[in-house]
Amino acid sequence: MVRITAEPIDPQLLRETLFDATAGGYTSFEGWVRNHNEGRDVERLEYEAYEPLAISEGEKIIAEANNRFPFVKAAFVHRTGLLEIGECAVWVGVAARHRDEAFKACRYIIDELKVRLPVWKKEHYVDGDSGWVNCERCSRSSGVSMSSAAAAKSSD
Amino acid sequence: MKNIRVCYFAMFREHAGLAEELLPLDVDTTADVFAATRHRHGSSEPLGHCKVAVNDVMADWDSPVNDGDTVLLFPPVAGG
């Protein structure tokens, strides 16, 4: 199960959705909003997701995790919208027959979703400024990466 | 010329001042679309840091683009 939601995440309720008589272990990961990043004081975070692809890509990640570390049930939920310090931004849960698969599948899912899901995070700083995470060069008006691609295109 | 619907997300949308637009473009690949809309998204991120989808399916930067396609331009992701 993969869900993208603007509502608060309740890990206790989500945990129960993974109960299974064949599972002997459960591992979860919660990502929380912290009050600082790269030396700046953060007041709140804003998440944006492209839901259709976040869900399809998320389901792929869970299927991959199941191939590598066979589990009984796994799920994750990712927040969108404005989140305050301490709120849960993402929850991942895995129930497996044994602990090894539960730990490894949980780690695989959170690691992959951070780099693959079409989700973006904007930090709102205490000083009133804001910025998109991982996007330092997104809005410079000049650069070389695309001009070289355009040159390659015009030469063929 | 191909008619391409281009969708901008997060930083790209804010820079463009719009979420999507229909454009006549002389393009073969998704990388061409990124280059042709540079004045909109304003990005000088290496393409490898960004992602692209065509008609709601994740694509590569050398994926072909056809008349009537919708191309989604994703800035570097930051989930979790």
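I start with the contact between the two chains. This is a predicted model, and across the interface of chain B and chain A there are 2 salt bridges. One of the pairs is A:Glu48 with B:Arg13, whose side chains meet at 2.6 Å, N to O.

Which parts of chain B supply the side that touches chain A? Helix 1 (10-16), helix 2 (30-36) and helix 3 (38-41) each give at least two residues, and so do strand 3 (51-54), strand 4 and strand 5 (70-74). Helix 1 of chain B has the largest share, with 6 residues. By residue class, this side of chain B divides into 18 nonpolar, 8 polar and 9 charged.

As for extent, the contact takes 35 residues from chain B and 34 residues from chain A. The size of an interface is often given as the accessible area lost when the parts come together. Here about 2,900 Å² is buried between chain B and chain A, and carbon and sulfur atoms give 56% of that.

Now the sheet in chain B. It is an open sheet of 5 strands in the order 2-1-5-3-4, with mixed pairing. Strand 2 (20-25) and strand 4 (57-59) of chain B are the edges, each pairing on one side only. From one strand to the next, the twist averages 30°.

Strand 1 (residues 2-8) of chain B runs antiparallel to strand 2 of chain B, and 6 bridges join them. Within that pairing, B:Cys7 has B:Glu20 in strand 2 as its bridge partner.

Conventions
Residues are numbered from 1 along each chain as its sequence is written. Chains are lettered from A and ligands numbered from 1 in the order in which they are written. This is a predicted model: local features need pLDDT of at least 70, side-chain atom pairs count only at pLDDT 80 or more; totals for chains, interfaces and linings use all residues. Side-chain values use heavy atoms; hydrogens and water are left out. Two strands pair if DSSP finds at least two bridges between them. Helices (H or I, at least four residues) and strands (E, at least two) are DSSP runs, numbered from the N terminus. Axes are lines fitted to C-alpha atoms, for helices over the stretch in contact, and angles run from 0 to 180 degrees between N-to-C directions. Contact means heavy atoms within 4.5 Å. Buried area is the accessible area (1.4 Å probe) that two parts lose on being put together, summed over both. A salt bridge is a side-chain nitrogen of Lys or Arg within 4 Å of a carboxyl oxygen of Asp or Glu. Ala, Val, Leu, Ile, Met, Phe, Trp, Tyr, Cys and Pro count as nonpolar, Asp, Glu, Lys and Arg as charged, and the others, Gly among them, as polar.
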